[in-house]
Amino acid sequence: MAKIKILVVHGESKDCHTIVEKVKKLNSKSGPFECIFFLGDVVQELNVTNIDGLPVVYTFSSTSEVESSKIKSNLISLNGYGVYQTSNDLRIAYIMNSATELNGCKDEVLAKFKEIDDTVDILITKEWSRCVAEREQRVTGSAILDDAITLLQPRYHFTGKEANTFFESPPFQWKETNTISRFLNLASYGKSGKKWAYALNLELDATLDTTAPTNAIENPYYVTKKRPQPDDSIQSYQNKTKKIGTVVPEACHFCFTNPKLQDHMIVSISDYAYITIAKGPLSVPKGEMNFSGHCLLIPIEHIAKFNVGQENLLQSGFAQDMINYEKSIVKMNFNKFEMSTVVFEINSDRSIHYHKQLLPIPKYLIMKFRTALDRQIHFNNEKLRQNVALNFQTYNSLSDFNYKSIMENAQNNYMQFTVYETAESDPTIYLATFKLEDRIDLQFGRRVLAFLLNLPRRVRWDSPVCSQTKEQEVKEVELFQKSYKEYEPSKSN
Ligand SMILES: [Zn+2]
């Protein structure tokens with residue numbers, strides 16, 4: 001695939017003329033470059049400097065009347081914050097606001113970058129991010145940049161904040177997109193004799209640049225920003241305590257006895273089960289469906305899995321409620337919105353409170369489910385060796401003898417996808433068993449569906465792109481209930 005040569009330089013306006021002469025020499029010796037990024041407040045000076053013969057030079061300034069302005073035929077100024085697509089298909093993001101300025105426009109900046117779905121090749125910022133600054137014990141960085149960078153996941157990130165230093169961090173990878181990121185701080189020309197110019201030969205197809213180099217470090221944005229989440233707590237609970245049943249219902253996210261239960265998220269309640277919308281939903285409104293549709297089906301009782309050895313399980317009110325709820329959601333998705341449904345669940349004695357995740361999937365994507373699953377199995381089994389290898393069996397109905405024999409044995413621990421192509425046909429079941437002591441990827445289901453839906457940035461429920469305010473959640477529930485009303489199982493059943 002195509003690679004393009006790029007040059008990034010940093011200097012002050014008083015040195016502009018000298019720098020341009022040096023850049024011209026570099027361009028004929030190591031180039032030709034297809035574009036040049038010039039860090040430093042130099043746009044005025046460059047405008048009156050002869051830059052003929054150079055490719056387009058991009059400068060960056062914190063003034064923000066317009067996002068971008070063409071100063072002359074090969075000089076473009078990018079201002080404030082934004083995203084710019086160059087004529088050679090590079091996507092550049094830039095945030096030239098200082099840390100203090102960012103505090104005043106945090107919401108606007110993050111809202112802007114939330115819209116960006118495509119790969120950002122180059123990010124230029126005035127400040128360091130806090131995560132990288134903390135890792136390197138350097139200048140204090142901006143926490144708002146942490147959020148912006150988590151949204152953008154740029155391939156290269158440049159700043160000139162520390163004018164006397166050249167610094168290059170080892171590469172690191174983003175789990176959501178597999179993107180490899182590199183961070184560099186360029187010294188300013190003539191300040192310290194440190195490196196002020198950096199040339200790179202960038203592969204334009206970002207998907208060919210997803211193999212983590214051997215010197216890759218743990219992604220600093222995960223280390224510092226990792227917040228507790230229900231599933232993480234199960235994992236650390238798995239890893240650290242190896243005990244079962246230590247989370248009491250009063251502290252459980254899904255128990256009504258927990259005074260902190262987020263009851264504004266509840267869509268429907270029956271005698272034995274209830275439905276809530278998902279925190280940080282994966283799916284987004286699509287077509288006729290004006291709400292996410294990602295919901296959780298949860299037993300009211302604090303049990304770790306569907307089958308904990310209840311007598312006559314399948315005849316119980318609990319099982320009936322679970323089945324009726326699941327069917328009714330499948331029906332709404334298909335009949336009202338022409339959506340298929342995928343249900344994901346983990347049945348493990350180490351889980352805290354059993355639940356199923358239900359997601360609407362556009363009909364035209366559902367036949368790609370197997371491919372999406374296989375890809376993530378491959379990734380899980382080959383790349384994430386700390387997890388147990390998953391081996392999925394397929395069953396063509398919930399009443400399949402072999403499926404039932406696994407489900408009806410309370411000793412079994414397994415992961416399951418139930419794929420409802422339509423509202424009437426039997427679902428296809430994909431099931432992988434594991435041993436209690438095995439380490440499993442609790443995000444596996446979400447990973448598969450994020451890949452299927454082509455929403456790589458929404459893999460983590462707690463990433464900024466997925467977060468919703470309480471008002472938005474209330475609205476989601478309202479829209480959900482409005483559509484669900486005619487499908488909701490009647491309470492007397
Ligand atoms: Zn519970």
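1. Helix 8 (residues 317-337) packs on helix 13 (residues 470-484) at an angle of about 85°. Their axes are 10 Å apart. Helix 8 and helix 13 are therefore roughly perpendicular to each other, since angles of 65 to 115 degrees count as such. On the helix 8 side the contact uses Tyr325, Ser328, Ile329, Met332, Lys336 and Phe337. Helix 13 answers with Phe480, Ser483 and Tyr484. By class, the contact of helix 8 with helix 13 has six nonpolar residues, two polar and one charged.

2. Some context. The model is predicted. The protein has 493 residues, and 55% of them count as buried. It holds 13 helices and 21 strands. The C-alpha trace spans about 85 × 45 × 45 Å along its principal axes. Take the contacts between residues at least 6 apart in sequence: 68% of these join residues at least 24 apart.

3. Helix 3 (residues 99-114) and helix 5 (residues 143-152) pack with their axes 10 Å apart, at an angle of about 5°. That angle makes helix 3 roughly parallel to helix 5. Helix 3 brings Leu102, Asn103, Lys106, Leu110, Phe113 and Lys114 to the contact. Helix 5 brings Ile144, Leu145, Asp147, Ala148, Leu151 and Leu152. The contact of helix 3 with helix 5 divides into eight nonpolar residues, one polar and three charged.

4. Aromatic pairs: the structure holds 29. One of them joins Trp128 and Phe183. This pair is edge-to-face, with 4.8 Å centre to centre and 70° between the planes. Trp128 sits in the loop between strand 8 (122-125) and helix 4 (130-136). Phe183 belongs to strand 12 (residues 180-185). Are Trp128 and Phe183 buried or exposed? Both are buried.

5. Phe166 and Tyr198 form a stacked pair. Their ring centres are 6.4 Å apart, with 25° between the planes. Phe166 lies in the loop between strand 9 (156-159) and strand 10 (167-168), and Tyr198 in strand 13 (residues 197-203), so the pair ties together parts 32 residues apart in sequence. Phe166 counts as partly exposed because its relative accessibility is 23%. Tyr198 has 11% and counts as buried; the cut-off for buried is under 20%.

6. Ring pairs also build a cluster. Its members are Phe344, Phe369, Phe392, Phe417, Tyr430 and Phe444.

7. Which charged residues sit over the ring of Tyr222? Lys175 lies over the ring face, at 5.1 Å from the ring centre. Arg460 has its charged end over the ring of Tyr222 too, 5.8 Å from the centre. Lys175 also touches Arg447, which is taken up next.

8. Helix 12 (residues 444-452) contains Arg447. Eight of the nine residues of helix 12 are buried, so the helix is largely enclosed by the rest of the structure.

9. Arg447 deserves a check of its own. With a relative accessible area of 10%, Arg447 is buried. Leaving out residues up to four places away in sequence, Arg447 touches Lys175, Gln376, Asp441 and Val459.

10. Last, Asn88. Asn88 is in the loop between strand 6 (81-85) and strand 7 (91-95). Residues up to four places away in sequence aside, Asn88 touches Ile4, Glu34 and Leu204. Asn88 and His355 are 48 Å apart in space, C-alpha to C-alpha, and 267 residues apart in sequence.

How values were computed. Residues numbered from 1 in each chain as written. Predicted model: local features only at pLDDT ≥ 70, side-chain atom pairs only at ≥ 80, totals over all residues. Heavy atoms only, no water. Axes fitted to C-alpha atoms, helices over the stretch in contact; angles between N-to-C directions. Helix = DSSP H or I, 4+ residues; strand = E, 2+ residues; numbered from the N terminus. Parallel < 35°, antiparallel > 145°, perpendicular 65-115°, else oblique. Contact = heavy atoms within 4.5 Å. Nonpolar A, V, L, I, M, F, W, Y, C, P; charged D, E, K, R; others polar. Phe/Tyr/Trp six-rings, centres within 6.5 Å; stacked < 30°, edge-to-face > 60°. Buried < 20%, exposed > 50% of the residue type's maximum accessible area, 1.4 Å probe, protein only. Lys NZ or Arg CZ within 6 Å of the ring centre and 35° of its normal.
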